[in-house]
Amino acid sequence: MTDLTKLTISEIRARLAAKEFTAVELTEAYLSAIRSSNERFNAYIAVTADKAREMAEASDERLAKGEARPLEGVPIGVKDLFATEGVHTQAASHILDGFKPTYESTVTANLWADGAVMLGKLNMDEFAMGSSNETSYYGPVVNPWRAEGDNKDLVAGGSSGGSAAAVAAWLCAGATATDTGGSIRQPAAFTATVGMKPTYGRCSRWGTIAFASSLDQAGPIARDVRDAAILLKSMASVDPKDTTSVDLPVPDYETAIGQSVKGLRIGVPKEYRIDGMPEDVETLWRKGIEWMRDAGAEIVDISLPHTKYALPAYYIVAPAEASSNLARYDGVRYGLRVPGRDITEMYEKTRAEGFGNEVKRRVLIGTYVLSAGYYDAYYLRAQKVRTLIKRDFEEAFEAGIDAILTPATPSAAFGIGDQDIGTDPVKMYLNDIFTVTVNMAGLPAIAVPGGLDGRGLPLGLQIIGRPFDEEMLFRTAHVIEQAAGRFEPKRWW
Amino acid sequence: MSVDTETVKRVARLARIAIDDAEAGRTTGELNTILGFVEQLYEVDVTGVEPMTSVIPIALKMRQDAVTDGGKAEDIMANAPQTGENFFLVPKVVE
């Protein structure tokens with residue numbers, strides 16, 4: 001029998017319908033893969049084996065009756081940021097020790113309503129703050145990819161590192177993830193998976209632990225473009241419980257796959273050609289441009305002049321919102337409590353012990369930029385710059401650009417515990433230089449594998465679209481996927 | 001702009017995070033690296049630019065003025081570190 005864990009979601013769908021295997025067999029195959037290799041990757045921080053079996057059995061009953069739903073029997077991993085009823089939900093933080101919500105996030109509820117099976121909760125950077133999954137209270141995630149002839153462990157990216165590693169290492173068929181500055185697309189690029197960050201407002205944020213509310217957006221990480229389209233169709237919805245959820249019907253994204261890109265105008269922004277960009281990234285970008293041109297698209301040089309200010313503006317806006325959102329972790333209503341002489345000392349000790357260094361750093365920056373006398377100089381200015389960043393994109397789209405093609409990351413995956421990156425917070429932040437503009441403007445973007453660098457490590461391309469034009473991204477990303485091919489890590493585990 | 005160790009201690013107090021002298025010293029350096037990085041924003045001319053308030057232009061939704069949820073005291077208390085009869089227990093606040 002073929003290895004069931006290697007099938008894509010569209011293959012699972014067809015073969016479950018053809019009764020080639022059962023949902024329970026498929027789930028057992030994944031649970032056994034998790035048992036034998038999760039320890040190596042540290043991708044799952046909670047495995048819900050009993051729940052998975054129960055859900056798979058229910059799927060088999062549905063299948064037997066011919067009542068299969070869109071994701072019937074598909075085993076999914078869930079980022080620890082999503083509230084899952086009665087199940088570990090801690091944003092990979094110590095401060096949420098033991099938290100088991102009594103409710104379900106809208107995104108995961110949508111998946112289960114469509115028949116998906118939950119395998120467990122996936123590791124991530126603490127409160128989604130990080131680009132290497134090294135800020136997790138549960139330790140770093142190991143990338144299934146290694147450089148050729150080297151057995152050094154590499155990061156899987158962040159903050160959705162567990163989601164990306166689990167999909168790439170065949171420990172789930174697809175995963176939920178979230179993206180505040182690049183947290184879906186950067187790990188996808190580091191693991192040769194497909195990561196889709198939808199338009200702000202497309203997926204409900206209800207029940208997703210908040211980091212920076214004006215930037216956070218949920219999306220899928222998947223094996224291929226079609227699977228990402230299938231997953232987003234289920235995850236997205238109109239939700240009265242989230243006032244920023246947009247009243248637009250969710251299209252059938254899968255129909256965009258295979259549509260021609262002939263005559264489309266693809267913008268190539270000159271500001272993304274940054275100093276010190278590795279030759280391999282530059283080469284891949286050129287290849288991407290060629291693939292689009294070969295498929296009949298018109299390539300247009302464009303300018304997005306405020307690009308370089310997106311990252312500094314982000315490092316004001318995101319920490320400011322985080323400092324406010326994370327004020328709720330005070331040792332009173334949930335999670336960790338460290339006793340103190342009085343209530344203030346209890347708060348201070350709980351938060352000092354419960355938050356990791358990166359989270360503390362961002363809460364402090366956020367508190368500072370919002371504090372009396374500094375609000376105008378930092379926060380207000382950053383929000384004005386944000387208006388300009390968004391305007392750059394609007395002008396490009398108004399000029400007839402259908403989508404924008406850029407590299408996804410300025411480098412391939414780096415080593416765990418990298419001294420050069422680890423000692424300077426700004427160096428780590430630079431990982432998001434190509435992705436963060438999109439969050440600042442609320443746009444949708446997809447990361448799709450484009451090829452391997454000189455050391456055999458995956459690199460991704462990013463396509464940015466108009467608000468709520470996710471279909472354009474699936475359509476163009478599929479063309480790149482067809483041209484580039486798909487990439488799998490060599491199994492060393 | 002940059003911060004000194006005293007400012008970091010004051011901000012930590014505002015953020016309700018206990019911080020010792022060694023940590024405050026280290027954090028001061030890190031925060032100044034980040035503040036130095038965001039300094040670039042002063043190169044941008046923002047005269048007459050409106051600050052962003054909503055990334056996607058949507059009208060705020062109104063919901064029906066009705067009770068649609070509630071009666072979940074047990075759910076709300078379920079994860080609390082210390083409770084007593086549907087109250088959150090905290091160290092004494094008033095002498």
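Start with helix 2 of chain B, and look at the face turned away from its buried side: there you'll find the exposed residues Asp21(B), Ala22(B), Gly25(B) and Gly29(B). A quick word on terms: a residue is buried if 20 or more other C-beta atoms lie within 10 Å of its own, exposed if 12 or fewer, and partly exposed in between, with C-beta atoms placed from the backbone. Helices (H or I, at least four residues) and strands (E, at least two) are DSSP runs, numbered from the N terminus.

Before going on, keep in mind that this is a predicted model, where local features need pLDDT of at least 70, side-chain atom pairs count only at pLDDT 80 or more, and totals for chains, interfaces and linings use all residues. Residues are numbered from 1 along each chain as its sequence is written, while chains are lettered from A and ligands numbered from 1 in the order in which they are written.

Thr27(B), Glu30(B), Leu31(B), Ile34(B) and Val38(B) are the buried ones in helix 2 of chain B. They cover an arc of only 100 degrees around the axis (taken from the directions from the helix axis to the C-beta atoms), which puts them on the same side of helix 2 of chain B. Why does that spacing work? An α-helix has 3.6 residues a turn, so residues three or four places apart point the same way.

What covers those buried residues? The cover includes helix 1 (5-14) of chain B, along with helix 9 (310-325), helix 11 (357-370) and helix 14 (425-429) of chain A.

That brings us to where the chains meet: 55 residues of chain A are in contact with 41 residues of chain B, contact being C-beta atoms, placed from the backbone, that lie within 7 Å. On the side of chain A that touches chain B, helix 12 of chain A gives the most, with 10 residues. The predictor gives the complex an ipTM of 0.96 and a pTM of 0.97.

Finally, zoom out to chain A, which has 16 helices and 11 strands. Its radius of gyration, taken over C-alpha atoms, is 21 Å, close to the 23 Å that the globule rule (2.2 Å times the number of residues to the power 0.38) gives for 493 residues, so chain A is as compact as a globular protein of that length. Of those 493 residues, 62% count as buried.

Notes:
Two residues are in contact if their C-beta atoms, placed from the backbone, lie within 7 Å.
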